[in-house]
Amino acid sequence: MPVSDTELTQMFEHVLRLSKVDETQSVAVLSSHYSNQRTVRAAMAAAQRLGARVFGVELPSFNHPRAMGNDLTGYCGDTALTGHKAAQRALECADLIVDTMMLLHSPEQEQILKTGTRMLLAVEPPELLARMLPTMQDKERVEAAAAVLQKARSISVTSKAGSDFRATLGQYPTVTEYGFADAPGRWDHWPSGFLFTWPNEETAEGTLVIDVGDILLPFKTYARERITLEIQGGFVRGIHGGFEAEYLRDYMAYFKDPEVYGISHLGWGLQDRAQWTALGLHDKNDGIGMDARAYAGNFLFSTGPNTEVGGSRKTPCHMDIPLRGCDVALDGELVVAGGKVVAPAASLPR
Ligand SMILES: O=c1ccc(O)c[nH]1
Ligand SMILES: [Fe+2]
């Protein structure tokens with residue numbers, strides 16, 4: 001349903017207040033011509049209403065000649081900010097950046113965060129921003145789960161569809177997404193409500209089955225037949241099935257980069273206001289499909305880049321694949337059972 005500009009500004013005031021924006025702060029709104037201009041205006045207005053010093057950084061868009069499709073997560077790494085020292089310096093001076101053009105999985109994002117600047121990504125349509133307006137409870141629940149994940153030294157994932165996957169953990173930090181950037185150097189994404197980490201290099205192994213109904217991003221499709229991924233030594237070594245498997249194989253092979261098969265972030269969804277069905281109600285270019293990444297009880301795995309946590313895999317192809325109906329266990333203790341969040345108790349929807 002349509003969200004008015006007034007409501008959108010009020011929501012940004014709520015989220016920027018949670019992001020510690022006040023009269024002591026400077027806020028940069030980063031955009032390009034393809035940004036949702038209503039979002040840009042609402043972010044600027046809300047930051048001003050909170051007394052912050054606000055400025056806009058608009059960059060000419062970047063298109064890589066080999067990029068396919070319009071999804072902003074479909075081609076990662078190089079962005080309009082790549083090599084743009086002047087703009088990066090301006091952004092690093094801000095206390096908070098509202099990113100409406102997508103810097104995620106770019107080295108520049110990490111460089112900016114390292115200066116202590118906070119960053120909030122907001123590229124979804126206003127209707128999703130409204131339906132998943134972040135709350136302190138979201139933060140408390142995600143952080144409760146993160147307390148378990150960051151201590152874990154192993155993850156295992158099984159499902160009736162035949163997934164039987166494991167990895168060791170601990171080499172990389174846990175990343176939380178609860179929808180507001182409230183600490184120095186923190187990146188977050190509104191809307192969200194999930195957490196993840198990366199497997200220790202070369203330890204991810206076993207089988208992951210993308211079952212009928214599981215979602216493939218950035219394709220924004222619900223699989224209509226099973227795809228079986230064979231994983232060995234941290235990389236996808238085989239993609240088996242019928243047409244859907246052929247499509248995924250062909251898409252990933254197009255990038256001619258062995259690093260696209262690396263297992264990237266692994267985690268699970270906690271957002272009970274996100275819905276598995278929502279993606280089917282939107283056009284492909286409406287947004288990047290955050291319902292699919294955040295819906296409570298998914299096991300979200302991904303392939304490709306690990307620059308977000310200082311890894312060396314800067315590959316443009318990034319697949320996000322949330323699976324339903326999995327058992328996810330950390331050091332043998334279930335956090336998700338049959339696609340339902342079961343622990344820790346403090347992470348369950350209230
Ligand atoms: O919020 C996000 C969005 C995309 C992604 O790959 C990770 N987190
Ligand atoms: Fe991802």
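Colleague: What volume does the largest pocket have?
Modeller: The largest pocket has a volume of about 680 Å³. This is a predicted model, where local features need pLDDT of at least 70, side-chain atom pairs count only at pLDDT 80 or more, and totals for chains, interfaces and linings use all residues. Residues are numbered from 1 along each chain as its sequence is written, chains are lettered from A and ligands numbered from 1 in the order in which they are written, and side-chain values use heavy atoms, with hydrogens and water left out.

Colleague: What counts as a pocket, and what counts as a cavity?
Modeller: Both come from a 1 Å grid over the protein atoms alone. A pocket is an open set of points with protein on both sides within 12 Å along at least five of seven lines. A cavity is a set where a 1.4 Å probe fits but cannot get out. Lining residues have an atom within 4 Å of a point. Points are joined across faces, edges and corners, and a volume is the space filled by probe spheres set on them.

Colleague: Which residues are closest to the centre of the largest pocket?
Modeller: Tyr34, Asn70, Asp71, Leu72 and Met101, out of 37 lining residues. By class, that lining has 16 nonpolar, 15 polar and 6 charged residues. Here Ala, Val, Leu, Ile, Met, Phe, Trp, Tyr, Cys and Pro count as nonpolar, Asp, Glu, Lys and Arg as charged, and the others, Gly among them, as polar.

Colleague: Switching to cavities. How many are there of 30 Å³ or more?
Modeller: The search of the whole structure finds 4. About 110 Å³ of space lies in the largest cavity. Its lining has 15 residues, with Leu104, His105, Glu177, Arg293 and Asp320 nearest the centre. Strands S8 and S9 and helix H8 each give two or more residues to that lining. Helices (H or I, at least four residues) and strands (E, at least two) are DSSP runs, numbered from the N terminus.

Colleague: And where does ligand 1 sit?
Modeller: In the largest cavity. To sit there, more than half of its atoms must lie within 2 Å of the cavity's grid points.

Colleague: Which residues surround ligand 1?
Modeller: Leu104, His105, Glu177, Trp187, His189, Phe194, His265, Met290, Arg293, His318 and Asp320. Each has a heavy atom within 4 Å of the ligand. This shell divides into 4 nonpolar, 4 polar and 3 charged residues.

Colleague: Which side chains have polar atoms 2.7 Å from a ligand oxygen?
Modeller: Glu177 has one at 2.7 Å, and so does His189. For His318, an N or O atom in the side chain is 3.0 Å from an oxygen atom of ligand 1. The cut-off for a polar contact is a pair of N or O atoms within 3.5 Å.

Colleague: New topic. Which residues does a cis peptide bond join?
Modeller: One joins Trp190 and Pro191, with omega about 10 degrees. Pro191 is in the loop between S8 and S9. Another joins Leu217 and Pro218, also with omega about 10 degrees. Pro218 lies in the loop between strand S11 (215-216) and strand S12 (221-222).

Colleague: What is the phi of Glu202?
Modeller: Positive, about 70 degrees, although Glu202 is not a glycine. Most residues other than glycine have a negative phi. Glu202 is found in the loop between S9 and strand S10 (205-210).

How values were computed: Polar contact = N/O pair within 3.5 Å; in protein donor to acceptor, adjacent residues only side chain to side chain.
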